[in-house]
Amino acid sequence: MKERLECVLKEAMEEIQAASDLQSLEKIRVKYLGKKGPMVEILKSLGKLPPEEKKELGKLANIAKNNIDSNLEAKKHTIEEQVFLERMQKEKVDVTEPGKKIEIGGLHPITMVIEEVLDIFKAMGYEVKEGPLADTTFNAFDGLNSPVTHPSRDITDTFYLNDSLDKCLRPHTSTVQIRTLKESKPPFKMVSPGRCFRCDTPDATHSPMFHQIEGMIVDEGITMTDLKGTLDRMAKALFGEETRTKFRPHHFPFTEPSAEMDVSCFKCGGKGCSLCKGSGWIEILGCGMIHPNVLAVGNIDTERYTGFAFGMGVERIAMLKYGIEDIRNFYENDMRFLRQFK
Ligand code: DAH
């Protein structure tokens, strides 16, 4: 019995010594100390021995069991430490190694122009408003004094959303003028940027989706002088303080009188170049004094209040400002194009 004990102990120690991972160590524990293992078997068989022998062997068996136990435990620690060291080795970080360069995104040129223009108007106390892209035909045309026969109302020009043609994708941001007039009491001044839609076939200067910025002020005593002063200030802030402006009579259903504003060419300074097609001037927006019929939609007392409004194409301004020749560049997300603006 004693020999058997020594033999089991020796075998167990050898196996523990040879174990290289925690799973095999566990198997060894079950094999030697488990219910069906030799140690239990030996302890059980002690009962049959005479008391003296039983006492001595019992002691030895306990020592052997404790021995196996503590060796298992010690080996477990060794293996765990080894695993930890190996992991540390593998996961080693060289903090002196140069980092991976993370490319930081930039603003889209359309966003840059919108933000620049909004900042100019915010500084003059204008509120920024946004309207929905799908709106009523009333807000897009009728409310804006646009005659029923106006060509821009054709189904070949405007994207209508239903058969009754009373809902459409807004063809301009002027819809927000009607929304503001209905919601607010004068005095107010607002600018409204956003997407617009027209049935245009894409080419270098047309896109069925594009951006505009609308502006409007209504107060007592607003005159054409305020319009000219405000838009001249914007042009100088946007294109440089040396910029001059010129207002040419025009026609819009929603303003009377109406005008288009030209700015002196910021490339040649007005001498004439390829950008301004030799004229020295570049057209950048439409504007005018708000037509009384439009003010009336918001139940505004047209004897007391007047206002001016303007609308400009963001793509056009971005193209002029950054020398972009094809409008389609804005929508293609070509990184080679977008990187130029970072
Ligand atoms: N809505 C016009 C367009 O899309 C631009 C415009 C012109 C807006 C004159 C205005 C304005 O507010 O007064 O071409």
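Analyst: A salt bridge is a side-chain nitrogen of Lys or Arg within 4 Å of a carboxyl oxygen of Asp or Glu. This is a predicted model, in which local features need pLDDT of at least 70 and side-chain atom pairs count only at pLDDT 80 or more, while totals for chains, interfaces and linings use all residues. Residues are numbered from 1 along each chain as its sequence is written, and side-chain values use heavy atoms, with hydrogens and water left out.

The structure holds 20 salt bridges. One of them joins K342 to E103, with 3.4 Å between the closest N and O atoms. K342 lies in the segment after helix 11 (335–338) and E103 in the loop between helix 4 and helix 5, so this pair ties together parts 239 residues apart in sequence. Helices here are DSSP runs of H or I with at least four residues, numbered from the N terminus. K342 counts as exposed because its relative accessibility is 53%; exposed means over 50% relative accessible area, buried under 20%, and partly exposed in between (1.4 Å probe, protein chains only). E103 and K342 also belong to a network of salt bridges that includes R339.

E116 and K321 form another salt bridge, their closest N and O atoms being 3.1 Å apart. This pair links distant parts of the chain, with E116 in helix 5 and K321 in helix 10 (residues 314–322), 205 residues apart. E116 is partly exposed at 26% relative accessibility, and K321 is partly exposed at 26%.

R233 and E241 meet in a salt bridge through their side chains, at 2.8 Å from N to O. R233 is partly exposed, at 35% relative accessibility.

Technical notes
Helices (H or I, at least four residues) and strands (E, at least two) are DSSP runs, numbered from the N terminus.
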